[in-house]
Amino acid sequence: MSRLSAGWVALAVVSIAIGAQAQTAAPRPPQKFEALARDILSELIAINSTHARGTTVAAKAVAARALAAGFPPADVAVLAPNDHPEAGNVVVRLRGRTSDRPVLYICHLDVVEARREDWTFDPFRLTEQEGWLYGRGTIDMKGQDAAVLASLIRLKQEGVAPAHDIIAAFTADEEAGGDANGVAWLVKEHRDLVNAALVVNPDGGEAALKQGRKLYIAVQTSEKMFLTFSLETTDKGGHSSRPTADNPIYRLASGLDRLAKLRFPVHLTETTRLYFERRAGIERGQSQSDMRAILRVPPEPGAVERLSSVVETNIQLRTTCTTTMIDGGHAENALPQRARATVQCRVIPGESVDSVAAAIRAAVADPKIVVSVLTPARPAPDSPPAPAILTMVEGVTHSMWPGVAVLPEMSPGASDSIYTRAAGLPSYGIDGMFDDLDDARAHGRDERIGATAFAEELEFTYRLMRAMSEAR
Ligand SMILES: [Zn+2]
């Protein structure tokens, strides 16, 4: 047996031990509500709510469930913009003992396209196999939609009157397209319906599982800013039989080669500092000491190097830009007149568009390559990683899964929380549906969630909803 395989055996024993420990049964909701949630999930999966089809049918299904469960019609509103009747939203309100300072849940109903021929199962039918629930949207985010709706119904039917109103907005157009984003529209046109002291967005949260071990619950308090540039260079062109030194494709390629080496400086925020501090607590060995070493001022250079070489930590340390598209030329037998690249950036909150553009221009180092903004940024402030919020999430998490860490997180991608944050509502991405970090299937084929993970998510959502509405 080689040393490598001996190591593997040892590792396997450890993961089995940890896996078994993680599987000690966590609380689940009463059977009746688990069955209800499964039923809702099945109904939502069966409604194709891709961008092409829209979300109005799904929004009406959610409304019908709420009405059937005893919510008064005045507290269930189905709404769509006049110019986008297919982009329906539904807002459900559970009345609290006082109506001030509600908590708002935002949950998107739309899903990414899925083709039957790419999948093992019908993506628009909930299929259970070997402990997994398959279907488009199970993890992003009809599973969470079902959990939020079932928890609201459970509170209602148990006769619980929370301290403050709990509002759940099930919305349109979070995924591809986004020309009728439900959260943006509701905040702008129906602020009274969704006004809240606090927003929870399960889509932004993360419950991380690695090798069967529940690692952490990440509370998203911040997200990187989406910003895209165009890099373009032109020339007069001519016949390809008479090549010149000034070929725009070569010029652009050389500029991109220099851009590939651009590394933005380390920029830690309140959220990412706390993230690394807490993440270090669940790491071991080198990565644990590296995470502590980058928190020093100035950060330790060796630790910066090692953490920068891993995608997952690199994106937490700095702004990143990468080339995503390229095109140029207009005929097989012509010198190109134009070459253009699309450069997509994810910017650490607080950095300016101008500073990112300046860094790109400096790296490209060619004034004939024109750098301009293609998709402008939508700046949104961070929500503070407030101890009160983190402690509350920790309380609920530990009541479910003792020992699981809770960390604040800046997500590298975008969520609907940018709209609520931009509107001045502190927003937190929180979710308890544990998903394997090494097997991410959101937007992909055979999207699935564990049946047990789903059942536990239901109970977590219910407990968090109660805690959120009581705490202030
Ligand atoms: Zn999503």
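Predicted model: local features only at pLDDT ≥ 70, side-chain atom pairs only at ≥ 80, totals over all residues.
The protein is divided into two parts by the domain assignment: domain 1 comprises residues 24-204 together with 415-470, and domain 2 comprises residues 225-375. The centres of domain 1 and domain 2, taken over C-alpha atoms, are separated by 35 Å.

Helices α2 (residues 31-46) and α4 (residues 142-157) form a crossing pair, with axes that come within 9 Å and cross at roughly 140°. Angles over 145 degrees would count as roughly antiparallel, and those from 65 to 115 as roughly perpendicular; α2 and α4 are therefore oblique to each other. The crossing of α2 past α4 is right-handed. On the α2 side, the contacts are made by F33, L36, A37, I40, L41, L44 and I45. These residues meet a set in α4 that includes K142, G143, A146, L149, A150 and I153. The spacing of such contacts may be read against helix geometry: an α-helix has 3.6 residues a turn, so residues three or four places apart point the same way.

Helix α5 (residues 182-189) is largely enclosed by the rest of the structure, because six of its eight residues are buried. The buried residues are G182, V183, A184, W185, L186 and V187. Both strands and helices contribute to their cover, which includes the strands β2 (89-94), β3 (98-108) and β6 (164-171) as well as the helices α6 (191-194) and α14 (417-422).

An open sheet is built from four strands in the order β12-β14-β10-β15, and the pairing is antiparallel. Strands β12 (320-328) and β15 (370-375) stand at the edges; each has a single partner strand, so one side of each is left without a neighbour in the sheet. From one strand to the next, the twist averages 25°.

Residue H443 lies in the loop between β18 (435-436) and β19 (448-450). A residue is buried if 20 or more other C-beta atoms lie within 10 Å of its own, and exposed if 12 or fewer do; H443 has 15 such neighbours and therefore counts as partly exposed. When residues up to four places away in sequence are not counted, H443 touches V112 and D140. H443 and H51 are 392 residues apart along the chain, and a distance of 13 Å separates their C-alpha atoms.

Technical notes:
Residues numbered from 1 in each chain as written. Pairing = 2+ DSSP bridges. Helix = DSSP H or I, 4+ residues; strand = E, 2+ residues; numbered from the N terminus. Axes fitted to C-alpha atoms, helices over the stretch in contact; angles between N-to-C directions. Contact = placed C-beta atoms within 7 Å. Domains from an automatic or database assignment. Parallel < 35°, antiparallel > 145°, perpendicular 65-115°, else oblique. Left-handed = near helix turned anticlockwise from the far one by under 90°.
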